[in-house]
Amino acid sequence: MATTSALLALVLLASLLAGTVFSDDIVPIHIPLLDRFQAWQAEYNRTYATPEEFQQRFMVYSENVKFIETMNQPGSSYELGENRFADLTEEEFKDTYLMKLDNVASSPEAMALTVDTMNRAGTSGGSNTNEAPNSVDWRTKGAVTPVKSQQHCGSCWAFAAVASIEGVHKIKTGLLVSLSEQEIVDCDRGGNNHGCHGGHSSSAMEWVTRNGGLTTESDYPYVGRQGQCMSDKLGHHAAKIRGRQAVQGKNEGALQHAVAGRPVAVSINASRAFQFYKRGIFSGPCNTTRNHAVTVVGYGANASGHKYWIVKNSWGERWGEKGYVRMQRGVRAREGVCGIAIAPFYAVM
(Lines give C-alpha, C1' and ligand atoms only; values in the text may rest on other atoms or scores of the structure.)
Protein backbone atom coordinates (compact mmCIF):
# COMPACT_ATOMS: atom_id res chain seq x y z
CA MET A 1 0.00 0.00 0.00
CA ALA A 2 2.87 2.40 0.79
CA THR A 3 4.18 2.31 -2.82
CA THR A 4 0.71 2.91 -4.28
CA SER A 5 -0.02 5.73 -1.86
CA ALA A 6 3.32 7.35 -2.62
CA LEU A 7 2.59 7.23 -6.35
CA LEU A 8 -0.86 8.69 -5.84
CA ALA A 9 0.61 11.39 -3.64
CA LEU A 10 3.07 12.36 -6.38
CA VAL A 11 0.23 12.59 -8.89
CA LEU A 12 -1.75 14.74 -6.48
CA LEU A 13 1.25 16.96 -5.77
CA ALA A 14 1.80 17.49 -9.48
CA SER A 15 -1.84 18.56 -9.83
CA LEU A 16 -1.46 20.93 -6.90
CA LEU A 17 1.63 22.54 -8.40
CA ALA A 18 -0.27 22.96 -11.65
CA GLY A 19 -3.01 24.78 -9.73
CA THR A 20 -5.77 22.44 -10.87
CA VAL A 21 -7.07 20.98 -7.62
CA PHE A 22 -8.20 23.40 -4.96
CA SER A 23 -10.05 26.66 -4.89
CA ASP A 24 -9.10 29.50 -2.56
CA ASP A 25 -11.54 28.53 0.19
CA ILE A 26 -10.08 25.06 0.72
CA VAL A 27 -7.50 24.26 3.40
CA PRO A 28 -4.09 25.44 2.16
CA ILE A 29 -2.19 22.43 0.87
CA HIS A 30 1.14 21.59 2.34
CA ILE A 31 3.19 18.43 2.52
CA PRO A 32 2.57 17.82 6.27
CA LEU A 33 -1.18 17.61 5.57
CA LEU A 34 -0.52 15.10 2.79
CA ASP A 35 1.67 13.11 5.17
CA ARG A 36 -1.08 13.30 7.78
CA PHE A 37 -3.62 11.96 5.28
CA GLN A 38 -1.35 9.04 4.36
CA ALA A 39 -0.86 8.26 8.06
CA TRP A 40 -4.65 8.30 8.46
CA GLN A 41 -4.95 5.93 5.48
CA ALA A 42 -2.51 3.52 7.10
CA GLU A 43 -4.27 3.68 10.47
CA TYR A 44 -7.69 2.92 9.00
CA ASN A 45 -6.46 0.64 6.18
CA ARG A 46 -8.01 2.89 3.54
CA THR A 47 -6.91 2.56 -0.10
CA TYR A 48 -8.21 4.12 -3.32
CA ALA A 49 -8.39 2.60 -6.77
CA THR A 50 -7.32 5.59 -8.86
CA PRO A 51 -5.36 8.83 -8.53
CA GLU A 52 -8.61 10.69 -9.10
CA GLU A 53 -10.29 8.99 -6.17
CA PHE A 54 -7.22 9.64 -4.01
CA GLN A 55 -7.37 13.31 -4.98
CA GLN A 56 -11.11 13.56 -4.23
CA ARG A 57 -10.77 11.88 -0.84
CA PHE A 58 -7.81 14.04 0.09
CA MET A 59 -9.92 17.12 -0.67
CA VAL A 60 -12.73 15.82 1.55
CA TYR A 61 -10.27 14.89 4.29
CA SER A 62 -8.74 18.37 4.14
CA GLU A 63 -12.15 20.01 4.55
CA ASN A 64 -12.96 17.75 7.50
CA VAL A 65 -9.62 18.53 9.17
CA LYS A 66 -10.36 22.23 8.72
CA PHE A 67 -13.79 21.75 10.33
CA ILE A 68 -12.34 19.76 13.25
CA GLU A 69 -9.62 22.28 13.97
CA THR A 70 -12.07 25.18 13.73
CA MET A 71 -14.41 23.50 16.21
CA ASN A 72 -11.69 22.65 18.72
CA GLN A 73 -11.65 25.98 20.52
CA PRO A 74 -10.07 26.61 23.94
CA GLY A 75 -12.60 26.21 26.72
CA SER A 76 -14.84 23.83 24.80
CA SER A 77 -16.42 21.05 26.84
CA TYR A 78 -15.45 18.45 24.22
CA GLU A 79 -12.90 17.69 21.53
CA LEU A 80 -13.31 16.51 17.96
CA GLY A 81 -10.80 14.31 16.16
CA GLU A 82 -10.11 12.42 12.97
CA ASN A 83 -11.75 9.01 12.84
CA ARG A 84 -12.73 6.48 10.18
CA PHE A 85 -15.28 8.92 8.77
CA ALA A 86 -12.68 11.56 7.91
CA ASP A 87 -12.72 10.96 4.14
CA LEU A 88 -16.52 11.14 3.85
CA THR A 89 -18.55 14.19 2.99
CA GLU A 90 -21.33 15.10 5.37
CA GLU A 91 -23.92 13.83 2.90
CA GLU A 92 -22.08 10.55 2.33
CA PHE A 93 -21.91 10.01 6.07
CA LYS A 94 -25.61 10.71 6.52
CA ASP A 95 -26.59 8.42 3.65
CA THR A 96 -24.53 5.51 5.01
CA TYR A 97 -24.78 5.67 8.79
CA LEU A 98 -27.84 7.73 9.68
CA MET A 99 -31.59 7.53 9.18
CA LYS A 100 -33.87 9.82 7.21
CA LEU A 101 -36.52 9.60 9.89
CA ASP A 102 -38.00 12.02 12.39
CA ASN A 103 -41.36 10.47 13.10
CA VAL A 104 -40.64 8.15 16.04
CA ALA A 105 -43.15 9.80 18.32
CA SER A 106 -45.91 9.91 15.73
CA SER A 107 -45.51 6.46 14.20
CA PRO A 108 -48.53 4.17 14.78
CA GLU A 109 -46.63 1.53 16.74
CA ALA A 110 -44.88 4.11 18.88
CA MET A 111 -48.29 5.33 20.07
CA ALA A 112 -49.56 1.85 20.93
CA LEU A 113 -50.39 0.86 24.49
CA THR A 114 -47.44 -0.26 26.60
CA VAL A 115 -47.25 -2.97 29.22
CA ASP A 116 -46.12 -0.71 32.07
CA THR A 117 -47.31 2.55 33.56
CA MET A 118 -45.40 5.76 33.96
CA ASN A 119 -45.76 5.52 37.74
CA ARG A 120 -44.29 2.03 37.92
CA ALA A 121 -41.43 3.20 35.74
CA GLY A 122 -40.79 6.12 38.06
CA THR A 123 -41.20 8.48 35.13
CA SER A 124 -44.47 10.26 35.81
CA GLY A 125 -42.76 13.65 35.82
CA GLY A 126 -44.27 14.79 39.10
CA SER A 127 -46.41 12.11 40.78
CA ASN A 128 -43.45 9.96 41.77
CA THR A 129 -41.54 11.26 44.78
CA ASN A 130 -38.64 8.80 44.63
CA GLU A 131 -35.38 10.58 43.93
CA ALA A 132 -33.12 9.14 41.29
CA PRO A 133 -29.51 8.64 42.39
CA ASN A 134 -27.00 11.34 41.48
CA SER A 135 -25.18 9.02 39.11
CA VAL A 136 -25.70 5.66 37.44
CA ASP A 137 -23.47 3.62 35.14
CA TRP A 138 -24.92 0.32 33.97
CA ARG A 139 -21.54 -0.65 32.53
CA THR A 140 -20.14 -1.01 36.05
CA LYS A 141 -23.14 -3.18 36.97
CA GLY A 142 -22.42 -5.62 34.14
CA ALA A 143 -25.59 -4.78 32.21
CA VAL A 144 -23.97 -3.51 29.00
CA THR A 145 -22.35 -5.66 26.32
CA PRO A 146 -19.18 -4.46 24.52
CA VAL A 147 -19.64 -1.70 21.94
CA LYS A 148 -20.70 -3.06 18.55
CA SER A 149 -20.49 -1.70 15.00
CA GLN A 150 -23.40 -1.27 12.61
CA GLN A 151 -20.86 -1.12 9.75
CA HIS A 152 -22.04 0.46 6.47
CA CYS A 153 -25.70 0.09 7.35
CA GLY A 154 -28.28 2.45 8.85
CA SER A 155 -29.35 -0.13 11.43
CA CYS A 156 -28.67 1.94 14.55
CA TRP A 157 -32.33 1.52 15.53
CA ALA A 158 -31.83 -2.25 15.93
CA PHE A 159 -28.65 -1.77 18.00
CA ALA A 160 -30.35 0.67 20.36
CA ALA A 161 -33.29 -1.70 20.86
CA VAL A 162 -31.04 -4.69 21.46
CA ALA A 163 -28.88 -2.81 23.98
CA SER A 164 -32.02 -1.98 25.96
CA ILE A 165 -33.16 -5.62 25.86
CA GLU A 166 -29.69 -6.88 26.84
CA GLY A 167 -29.68 -4.52 29.80
CA VAL A 168 -33.09 -5.41 31.21
CA HIS A 169 -32.38 -9.11 30.65
CA LYS A 170 -29.23 -8.84 32.76
CA ILE A 171 -31.03 -6.88 35.46
CA LYS A 172 -33.89 -9.40 35.65
CA THR A 173 -31.98 -12.68 35.21
CA GLY A 174 -28.42 -11.89 36.23
CA LEU A 175 -27.17 -13.04 32.80
CA LEU A 176 -25.58 -10.68 30.29
CA VAL A 177 -26.15 -12.10 26.81
CA SER A 178 -25.11 -10.48 23.53
CA LEU A 179 -28.24 -10.61 21.39
CA SER A 180 -28.74 -10.52 17.62
CA GLU A 181 -29.30 -7.22 15.82
CA GLN A 182 -29.14 -9.10 12.52
CA GLU A 183 -32.26 -11.11 13.32
CA ILE A 184 -34.18 -7.85 13.71
CA VAL A 185 -32.65 -6.28 10.58
CA ASP A 186 -33.51 -9.34 8.48
CA CYS A 187 -36.84 -10.37 9.94
CA ASP A 188 -38.58 -7.20 11.14
CA ARG A 189 -39.77 -6.05 7.74
CA GLY A 190 -42.45 -3.63 6.68
CA GLY A 191 -44.20 -1.16 8.92
CA ASN A 192 -41.80 1.31 10.49
CA ASN A 193 -38.56 -0.62 10.03
CA HIS A 194 -36.52 -0.80 6.86
CA GLY A 195 -33.30 -2.67 7.54
CA CYS A 196 -30.24 -0.62 6.61
CA HIS A 197 -32.44 2.30 5.58
CA GLY A 198 -33.60 3.14 9.09
CA GLY A 199 -36.24 2.17 11.58
CA HIS A 200 -37.57 2.65 15.09
CA SER A 201 -36.23 1.08 18.26
CA SER A 202 -39.71 1.01 19.78
CA SER A 203 -41.05 -0.94 16.79
CA ALA A 204 -38.11 -3.34 17.04
CA MET A 205 -39.03 -4.05 20.66
CA GLU A 206 -42.61 -4.69 19.57
CA TRP A 207 -41.36 -7.15 16.95
CA VAL A 208 -39.27 -9.03 19.53
CA THR A 209 -42.34 -9.20 21.77
CA ARG A 210 -44.52 -10.62 18.98
CA ASN A 211 -41.81 -13.08 17.99
CA GLY A 212 -41.61 -14.40 21.52
CA GLY A 213 -37.96 -13.45 21.99
CA LEU A 214 -34.59 -12.90 20.34
CA THR A 215 -31.65 -15.18 19.69
CA THR A 216 -27.98 -14.59 20.45
CA GLU A 217 -25.48 -12.70 18.34
CA SER A 218 -23.42 -15.87 17.94
CA ASP A 219 -26.44 -17.82 16.69
CA TYR A 220 -27.45 -15.11 14.21
CA PRO A 221 -24.31 -12.97 13.64
CA TYR A 222 -24.26 -9.46 12.28
CA VAL A 223 -23.17 -8.97 8.66
CA GLY A 224 -23.86 -5.27 8.04
CA ARG A 225 -26.58 -5.65 5.41
CA GLN A 226 -30.17 -6.84 5.21
CA GLY A 227 -30.55 -10.42 4.05
CA GLN A 228 -33.22 -13.09 3.95
CA CYS A 229 -34.76 -13.83 7.34
CA MET A 230 -33.37 -17.09 8.73
CA SER A 231 -36.76 -18.35 9.85
CA ASP A 232 -35.30 -21.44 11.48
CA LYS A 233 -33.70 -19.12 14.07
CA LEU A 234 -36.92 -17.34 15.03
CA GLY A 235 -37.72 -19.85 17.76
CA HIS A 236 -34.27 -19.61 19.38
CA HIS A 237 -35.18 -17.36 22.30
CA ALA A 238 -32.18 -16.36 24.41
CA ALA A 239 -34.12 -13.42 25.86
CA LYS A 240 -37.81 -12.57 26.02
CA ILE A 241 -39.64 -9.33 26.71
CA ARG A 242 -43.30 -8.46 27.38
CA GLY A 243 -43.19 -5.18 25.50
CA ARG A 244 -41.71 -1.74 25.69
CA GLN A 245 -42.38 1.36 27.77
CA ALA A 246 -42.44 4.93 26.55
CA VAL A 247 -40.79 7.42 28.87
CA GLN A 248 -42.49 10.78 29.23
CA GLY A 249 -41.13 12.82 26.34
CA LYS A 250 -39.35 16.18 26.53
CA ASN A 251 -38.56 15.68 30.20
CA GLU A 252 -34.95 15.05 31.23
CA GLY A 253 -36.07 14.33 34.78
CA ALA A 254 -38.28 11.52 33.51
CA LEU A 255 -35.40 10.19 31.42
CA GLN A 256 -33.13 10.26 34.46
CA HIS A 257 -35.61 8.22 36.49
CA ALA A 258 -35.92 5.72 33.65
CA VAL A 259 -32.16 5.34 33.18
CA ALA A 260 -31.76 4.84 36.94
CA GLY A 261 -33.69 1.60 36.41
CA ARG A 262 -32.22 0.27 33.16
CA PRO A 263 -30.59 1.28 29.82
CA VAL A 264 -32.94 3.32 27.65
CA ALA A 265 -33.09 3.63 23.84
CA VAL A 266 -33.28 7.18 22.51
CA SER A 267 -33.09 8.95 19.15
CA ILE A 268 -30.90 12.00 18.58
CA ASN A 269 -29.62 14.36 15.93
CA ALA A 270 -26.15 13.18 14.92
CA SER A 271 -24.63 16.37 13.53
CA ARG A 272 -21.33 16.87 11.72
CA ALA A 273 -19.69 17.70 15.04
CA PHE A 274 -21.11 14.50 16.54
CA GLN A 275 -19.63 12.56 13.63
CA PHE A 276 -16.10 13.54 14.70
CA TYR A 277 -16.61 13.45 18.49
CA LYS A 278 -13.49 12.30 20.32
CA ARG A 279 -13.83 13.04 24.05
CA GLY A 280 -15.52 15.27 26.61
CA ILE A 281 -19.12 16.35 27.19
CA PHE A 282 -20.80 16.93 23.85
CA SER A 283 -23.02 20.02 23.85
CA GLY A 284 -23.67 20.56 20.13
CA PRO A 285 -24.06 22.15 17.70
CA CYS A 286 -26.98 19.96 16.74
CA ASN A 287 -30.72 20.32 16.28
CA THR A 288 -33.70 18.15 17.22
CA THR A 289 -34.23 16.48 13.83
CA ARG A 290 -33.55 12.93 14.97
CA ASN A 291 -31.58 10.75 12.57
CA HIS A 292 -29.71 8.31 14.81
CA ALA A 293 -30.63 5.84 17.56
CA VAL A 294 -28.40 5.21 20.58
CA THR A 295 -28.75 3.88 24.12
CA VAL A 296 -28.42 5.84 27.35
CA VAL A 297 -26.64 3.55 29.81
CA GLY A 298 -26.06 5.99 32.65
CA TYR A 299 -25.53 9.57 33.74
CA GLY A 300 -23.32 11.59 36.04
CA ALA A 301 -21.29 14.77 36.38
CA ASN A 302 -17.62 15.65 36.08
CA ALA A 303 -15.40 17.25 38.73
CA SER A 304 -16.60 20.70 37.67
CA GLY A 305 -20.22 19.72 38.17
CA HIS A 306 -21.10 19.58 34.48
CA LYS A 307 -23.84 16.97 34.05
CA TYR A 308 -23.89 14.40 31.26
CA TRP A 309 -25.61 11.34 29.87
CA ILE A 310 -23.51 8.22 29.19
CA VAL A 311 -24.50 7.10 25.70
CA LYS A 312 -23.58 3.86 23.96
CA ASN A 313 -23.14 4.28 20.21
CA SER A 314 -22.90 1.61 17.49
CA TRP A 315 -19.92 2.89 15.48
CA GLY A 316 -17.28 0.64 17.04
CA GLU A 317 -14.83 1.17 19.89
CA ARG A 318 -12.54 3.49 17.92
CA TRP A 319 -15.17 6.23 17.82
CA GLY A 320 -15.47 8.68 20.71
CA GLU A 321 -14.63 7.50 24.21
CA LYS A 322 -14.14 3.84 23.33
CA GLY A 323 -17.46 3.79 21.53
CA TYR A 324 -19.33 6.01 23.99
CA VAL A 325 -20.21 9.68 24.09
CA ARG A 326 -21.00 11.83 27.08
CA MET A 327 -23.80 14.22 26.14
CA GLN A 328 -24.75 17.34 28.06
CA ARG A 329 -27.54 16.80 30.60
CA GLY A 330 -29.81 19.34 32.24
CA VAL A 331 -30.15 21.82 29.38
CA ARG A 332 -32.83 24.48 29.14
CA ALA A 333 -34.51 22.99 26.10
CA ARG A 334 -37.18 20.45 27.05
CA GLU A 335 -36.06 18.24 24.16
CA GLY A 336 -32.61 17.81 25.71
CA VAL A 337 -29.37 18.21 23.80
CA CYS A 338 -29.75 16.96 20.20
CA GLY A 339 -33.32 15.85 21.01
CA ILE A 340 -32.20 13.09 23.41
CA ALA A 341 -35.28 13.47 25.64
CA ILE A 342 -37.94 13.65 22.93
CA ALA A 343 -38.97 9.98 22.67
CA PRO A 344 -37.14 7.49 24.93
CA PHE A 345 -38.20 3.84 25.15
CA TYR A 346 -37.04 0.80 27.09
CA ALA A 347 -37.79 -2.90 27.00
CA VAL A 348 -39.94 -4.52 29.70
CA MET A 349 -39.60 -8.14 30.86
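## Basis and overall make-up

Because the model is predicted, local features need pLDDT of at least 70 and side-chain atom pairs count only at pLDDT 80 or more, while totals for chains, interfaces and linings use all residues. Residues are numbered from 1 along each chain as its sequence is written, and side-chain values use heavy atoms, with hydrogens and water left out.

The protein has 10 helices and 9 strands. These elements are DSSP runs numbered from the N terminus, with helices being H or I of at least four residues and strands being E of at least two. Of its 349 residues, 52% count as buried; buried means under 20% relative accessible area, exposed means over 50%, and partly exposed is in between, using a 1.4 Å probe and protein chains only. Of the contacts between residues at least 6 apart in sequence, 75% join residues at least 24 apart, where contact means heavy atoms within 4.5 Å.

## Aromatic pairs

A pair of aromatic rings is described by the distance of the centres and the angle of the planes. Rings of Phe, Tyr and Trp (its six-membered ring) pair if their centres lie within 6.5 Å; planes under 30 degrees apart are stacked, over 60 edge-to-face, and the rest tilted. The structure contains 23 such pairs. In one of them, the ring centres of Phe 159 and Tyr 222 are 5.0 Å apart and the planes stand at 80°, so this pair is edge-to-face. Phe 159 belongs to helix α6 (residues 156-173) and Tyr 222 to the loop between α8 (201-211) and β3 (243-246), so the pair ties together parts 63 residues apart in sequence. Phe 159 is buried, with a relative accessible area of 8%, and Tyr 222 is buried at 13%.

The rings of Phe 274 and Trp 315 have centres 5.7 Å apart and planes at 75°, so they also form an edge-to-face pair. Phe 274 is in helix α10 (residues 272-275) and Trp 315 is in the loop between β7 (307-312) and β8 (324-328), 41 residues apart, and the pair links these distant parts of the chain. Phe 274 is buried at 0% relative accessibility, and Trp 315 is buried at 1%. Both residues belong to one aromatic cluster, which also holds Tyr 78, Phe 85, Phe 93, Tyr 97, Tyr 277, Phe 282 and Trp 319.

## Charges over rings

The charged end of Arg 262 sits over the ring of Tyr 346, 4.0 Å from its centre. The charged end of Arg 272 sits over the ring of Phe 67, at 4.1 Å from the centre. A charge sits over a ring if NZ of Lys or CZ of Arg is within 6 Å of the ring centre and within 35 degrees of the ring normal.

## Helix α8 and its surroundings

Helix α8 is mostly covered, with 9 of its 11 residues buried. The buried residues are Ser 201, Ser 202, Ser 203, Ala 204, Met 205, Glu 206, Trp 207, Val 208 and Asn 211. They pack against α6, α7 (181-187), β3, β4 (264-268), β6 (292-301) and β9 (345-348). Where α6 and α8 meet, Trp 157, Ala 160, Ala 161, Ser 164 and Ile 165 of α6 contact Ser 201, Ala 204, Met 205 and Val 208 of α8.

Trp 207 lies in α8 and is buried, with a relative accessible area of 9%. Leaving out residues up to four places away in sequence, Trp 207 touches Glu 183, Ile 184, Cys 187, Asp 188, Leu 214 and Leu 234. Trp 207 and Ile 184 are 23 residues apart in sequence and 7.9 Å apart in space, C-alpha to C-alpha. After α8 comes Gly 212, whose phi is positive, near 90°.

## Ser 155

Ser 155 is in the loop between β2 (136-137) and α6, and is buried at 0% relative accessibility. Apart from neighbours within four places in sequence, Ser 155 is in contact with Gln 150, Val 185, Gly 195, Cys 196 and Tyr 222.

## Helix α9

Helix α9 (residues 252-259) is mostly covered, with 6 of its 8 residues buried. The buried residues are Glu 252, Ala 254, Leu 255, Gln 256, Ala 258 and Val 259. They pack against β2, β4, β6, β7, β8 and β9.
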